[in-house]
Amino acid sequence: MSLTAPQPGTVTTAIPARLDRLPWSRWHWTIVIGLGTVWILDGLEVTVVGNIASRLSEPGSGLAISSGQVTGMAAALYVAGACVGALFWGRLTDRYGRKQLFMITLAVYLAATALTAVSFQPWWFFLFRFLTGFGIGGEYAAINSAIDELIPAYYRGRVDLIINGSFWVGAVGGSLLSIVALNTGILAKDVGWRLTFALGVVLGLVILLVRRHVPESPRWLLIHGREQEAEQVVSAIERQVEAEKGEPLPRPESEITIHQRKSIGFMDIARTVFSRYRKRAALGFSLFIGQAFLYNAITFGFGAILTKFFHVPADRTGYYFAVIAIGNFFGPLLLGKLFDTVGRRVMISSTYLLSGLLLFVTAWLFGRGSLTAGTLTACWCVVLFFASAGASSAYLTVSEVFPMETRAMSIAFFYAIGTATGGISGPLLFADLTNTGKVGDTVLAFQIGAGLMCAAGLVAALLAVRAERRSLEDIALPLTAVTQAASAKATP
């Protein structure tokens, strides 16, 4: 697929307002299915890899690799690939468009996953774990950009949260799938783990077919000198929605004048994010770091905690993980609408603070010896019900509070920070604490995650932007904007 740079011009348009005034329709469901369901695949694969580590290390698996190499080296390479991929693809997404990149990144992700399934040497497995992460890192930037720019302002918060939270639907599926894949009565040792990767490829190909019908973001087309294409896309959407609803759409409420540019320099992006919007940058940094450490405090050592302190058999921990994964998904699903009604500041700060405080309580109960494997899992489930909504709102925040021209790169930057912190610093810290077998060390791990989550909640209470039901151009004026209607002033 070729990448082409558009030519600049100046145009006054109501396209952003026309997109935001659309009622929910079947067309919007196409966007959700085509773009959002890839997180289910991500959750499926990440969980499966963790659960099949022990099988890969057994004689006869077809791969001479240790369990530690799977959960250590391969996991680190996946994280590194995701960080590099986010930054690499994020820059290209802002420059060459959402659609070109979300098609390419999904193709990279699928190809790398397929080639992982045929691994015959550790180096091959490691290489394609890196490339799988490289693809998925780009997905986060391209997909979140496109979703926020295509979904109406009235629904943007809940849709973004549910889509990012759908990772945990895949995690539930991965936990249950790994139980089948590891059953040698059903599948041979050297076949089951390969089929789990192959299944992900099949599902991904279905998503790729649906994604072909998702258009380029009209907002991106508009800014990059392709206003005629943007007009065609929006007009086609409007015709579909009017035919479905059986009534004409209301008139758009505002216009914006854009001085179109071929590209935005990296220094302009950095200056905008870290100088003009430095409070928002501090907010994004706090939210990503807080959720990264809380999740590592719980999920990184959850299997070791269950086996060491409660003597749960290793092949049964998948059931416990499925339970907490369900709690993770229901958080964004049930709380998502409140981010659009009650508001971003109240909901972001409260979900972060509640999950942090509840984890402090869990740490206290665990330290007193008051919990069983079941009650500890129940506590985790409640903590993550709120934490998952909060973590998903971190992605929502950085995708909507910066100008259009910097959106994908901003998502990529904060995603890379959160992923690197959670995938590198977090495991190094929490592995030492949860593997000692000492109750006090595990309590400390919980307290670190809880403390950083609470700190992020306090930052959100002070700095979170009231972005609910507001157009993206209202929240952050595009760098290319010349004039704007009085009803669409940017928030400082």
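These are my notebook entries on a predicted model of a protein.

**Ground rules**

I number residues from 1 along each chain as its sequence is written. For this predicted model I take local features only at pLDDT of at least 70 and side-chain atom pairs only at pLDDT 80 or more, while totals for chains, interfaces and linings use all residues, and side-chain values rest on heavy atoms, with hydrogens and water left out.

**Overview**

I looked up the elements and found 21 helices and 3 strands. Helices here are DSSP runs of H or I with at least four residues, strands are E runs of at least two, and both are numbered from the N terminus. The protein has 492 residues, and 58% of them are buried. Buried means under 20% relative accessible area, exposed over 50%, and partly exposed in between, with a 1.4 Å probe and protein chains only. I then checked contacts, meaning heavy atoms within 4.5 Å. Of those with a separation of 6 or more, 85% join residues 24 or more positions apart.

**Confidence**

I read pLDDT as the predictor's confidence in each residue, from 0 to 100. The protein has a mean of 84, and 89% of its residues reach 70 or more. Among the elements, helix H17 (residues 344-367) has the highest mean, 96. Strand E3 (residues 481-484) has the lowest, 62. Residues 1-7 are below 50, and this stretch has 19 contacts beyond near neighbours in sequence. Residues 484-492 also stay under 50, with 23 contacts beyond four places in sequence. Where pLDDT is low, the predicted coordinates should not be read in detail.

**H15 and H18**

I looked at how helix H15 (residues 302-310) meets helix H18 (residues 373-400). Their axes come within 11 Å and cross at roughly 155 degrees. Axes are lines fitted to C-alpha atoms, for helices over the stretch in contact, and angles run from 0 to 180 degrees between N-to-C directions. H15 and H18 are therefore roughly antiparallel. The cut-offs are under 35 degrees for roughly parallel, over 145 for roughly antiparallel, 65 to 115 for roughly perpendicular, and oblique for the rest. H15 brings Phe302, Ile305, Leu306 and Phe310 to the contact, and H18 brings Ala373, Leu376, Thr377 and Trp380. I sorted these residues into 7 nonpolar, 1 polar and no charged. Ala, Val, Leu, Ile, Met, Phe, Trp, Tyr, Cys and Pro count as nonpolar, Asp, Glu, Lys and Arg as charged, and the others, Gly among them, as polar.

**H2 and H10**

Next I took helix H2 (residues 26-36) and helix H10 (residues 189-211). Their axes are 8 Å apart, at an angle of about 140 degrees. H2 and H10 are therefore oblique to each other. Thr30, Ile33, Gly34 and Leu35 in H2 meet Ile207, Val210 and Arg211 in H10. I get 4 nonpolar, 2 polar and 1 charged for this contact.

**Single residues**

I checked two positive phi values outside glycine. His311 has phi near 60 degrees. His311 sits in the loop between H15 and helix H16 (317-341), and it is exposed at 65% relative accessible area. Arg469 has phi of about 60 degrees. Arg469 lies in the loop between helix H20 (439-463) and helix H21 (472-475), and it is partly exposed at 40%.

Last, I looked up Gln291 in helix H14 (residues 278-300). Gln291 counts as buried, at 10% relative accessibility. Leaving aside neighbours within four places in sequence, Gln291 contacts Tyr352, Ala391 and Met453.
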